[in-house]
Amino acid sequence: MAGAITDPEELLAALDLGREWLDGARAAVALFPLRVPHPYLARMRKGCIDDPLLRQVLPLASEHQVVAGYGPDPVGDMRALVAPGILQKYEGRTLLTATGACAVHCRYCFRRHFPYAQANAARDGWRTVWEHLDRNPDVQELILSGGDPLTLGEDRLTQLLHGLTLRPQVRRLRIHTRLPVVIPSRVDDAFMAWVRSAALPLVMVLHINHAQEIDDAVRMAMRRLRAAGVTLLNQAVLLAGVNDSADAQVQLSEALFAAGILPYYLHALDPVAGAAHFAVPIERALALFAAVEGRLPGYLVPKLVQEQAGAPAKVRLGAGMALPNRVQ
Ligand SMILES: *Cc1c(COP(=O)(O)O)cnc(C)c1O
Ligand code: SF4
C-alpha cells in the first residue's frame, strides 16, 4: 500500500498517456486523493485512456461539476450511524466501518465524503460493537465494510474474533473488501491463519467491476480462501465507460465463476457528488440487464439493486419485470 501511486503525473507516465489529462486530474485529487497500487496498475493496458480499470481510478475535471441529485451522503449513512462506526439499516445485519483507509481509491465510491475519523468501530478493542450487540440481541451478522477492513492488521481482526466467540448470537462474519483484488498478496500466510482461526463462518464479498481485474494472482488468492471454507461473493457497480455493456457483464460473471466467486449484487450508481459521469440511465441499465439474463445461467446473474435511504433492504431493479425483448 505504501508504494501506491498518488501523483497523477506518475500515473499518466506509467501508462504512456499524454499530459492533456493532467490539469483535470490535479483539480480532482483535491476532492478525493488518487491511490492506485502497483499490482492493480499492472493489469491496465498502456496508452489506453479508456481502459476499464484506469477509468475507475482516474481523477477527472468533471468531478467538480455540481449535478442536481448528487450529494455527499447519497445512501443516508449519517442517519443510520447509531454509534461510532456502527450503521444499522437492515434487520439482523449490522455494518461496521473500522477504518477510512483503502488500498485503491475508486472515483465512484459512495463513501468518498464519509467522515471516517468519527466512525471507527475498532477503537477500544471494538467496545462499541459489543455494546451494540448487547443492546440488540437480534443482530446475527456483522459486516466489515469500507474503508477497506483488510487494511486492518491481524491483531485487530483477532480481537474481533475473540469477542465474537463470547457472543454466539453472531452467526456469520462478512467482509466487504477490494484488497485481495487490487493487492492479492494481502491474502498471505498470516491472513490465512486468521481465516482458519475463525470459529464462525466467513463470507467475503469482493468488489470486482471488470473481468480484466481478475488475473492469476487473484485466482490464486481466491483458491486459498475457498480451500479454507470462505464463501466468496462479488458486488459490482454498473459504471458508464467501465462495464456498461452486456458483453462486459457476461465476461465478468464468467471470470468470477472461473475464480470461484459467485456474483451477488450489481449496484446502480449511488448519486454521490463527483461521480455523475459514471451514471448509466435506468432505461439502458434495465435493457442491458435483460440481455445479460438471457445469456447466463441464473446463478451467474447478479441481483440488480439500488440502495435507497430508509428502505428496509436494497431495492431490486428490473427483477421479474416483463421487459420488452430489447438487446443493447
Ligand atoms: C448493503 C448493506 C448491508 C447488507 O445488505 P445485504 O442485502 O445483506 O447485502 C447492511 N448494512 C448496510 C448499512 C448496508 O448498506
Ligand atoms: S471503500 Fe471500496 S469503493 Fe470506496 S474507495 Fe475504498 S475500495 Fe473503493
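Asp-124 is found in helix 6 (residues 123-135), where helices are DSSP runs of H or I with at least four residues, strands are DSSP runs of E with at least two, and both are numbered from the N terminus. This is a predicted model, in which local features need pLDDT of at least 70 and side-chain atom pairs count only at pLDDT 80 or more, while totals for chains, interfaces and linings use all residues. Residues are numbered from 1 along each chain as its sequence is written, chains are lettered from A and ligands numbered from 1 in the order in which they are written, and side-chain values use heavy atoms, with hydrogens and water left out.

**Backbone angles**

- Most residues other than glycine have a negative phi.
- Asp-124 is not a glycine, yet its phi is positive at about 50°, and with 51% relative accessibility Asp-124 counts as exposed (exposed means over 50% relative accessible area, buried under 20% and partly exposed in between, with a 1.4 Å probe and protein chains only).
- Asp-16, in the loop between helix 1 (8-14) and helix 2 (22-29), also has a positive phi, near 55°, and counts as exposed at 54% relative accessibility.

**Domains**

- The protein is divided into domain 1 (8-64) and domain 2 (77-243 + 270-278), with bounds that come from an automatic or database domain assignment.
- The C-alpha centres of domain 1 and domain 2 lie 26 Å apart, and the contact between them takes 25 residues from domain 1 and 25 residues from domain 2, contact meaning heavy atoms within 4.5 Å.

**Helix 7 and helix 9**

- The axes of helix 7 (residues 154-165) and helix 9 (residues 189-197) come within 11 Å and cross at roughly 0°, the axes being lines fitted to C-alpha atoms over the stretch in contact, with angles from 0 to 180 degrees between N-to-C directions.
- Helix 7 and helix 9 are therefore roughly parallel to each other, a term for angles under 35 degrees.
- Glu-154, Leu-157, Thr-158 and Leu-161 of helix 7 meet Ala-190, Phe-191, Trp-194 and Ser-197 of helix 9, and by class this contact has five nonpolar, two polar and one charged residues (Ala, Val, Leu, Ile, Met, Phe, Trp, Tyr, Cys and Pro count as nonpolar, Asp, Glu, Lys and Arg as charged, and the others, Gly among them, as polar).

**Helix 12**

- Helix 12 (residues 282-293) has 12 residues and reaches 16 Å from its first C-alpha to its last, close to the 16 Å expected at 1.5 Å a residue, the expected span being 1.5 Å times one less than the number of residues.
- Its buried residues are Ala-285, Leu-286, Ala-287, Leu-288, Phe-289, Ala-291 and Val-292, and they pack against helix 11 (246-258), strand 8 (262-267) and strand 9 (303-306).

Technical notes. Parallel < 35°, antiparallel > 145°, perpendicular 65-115°, else oblique.
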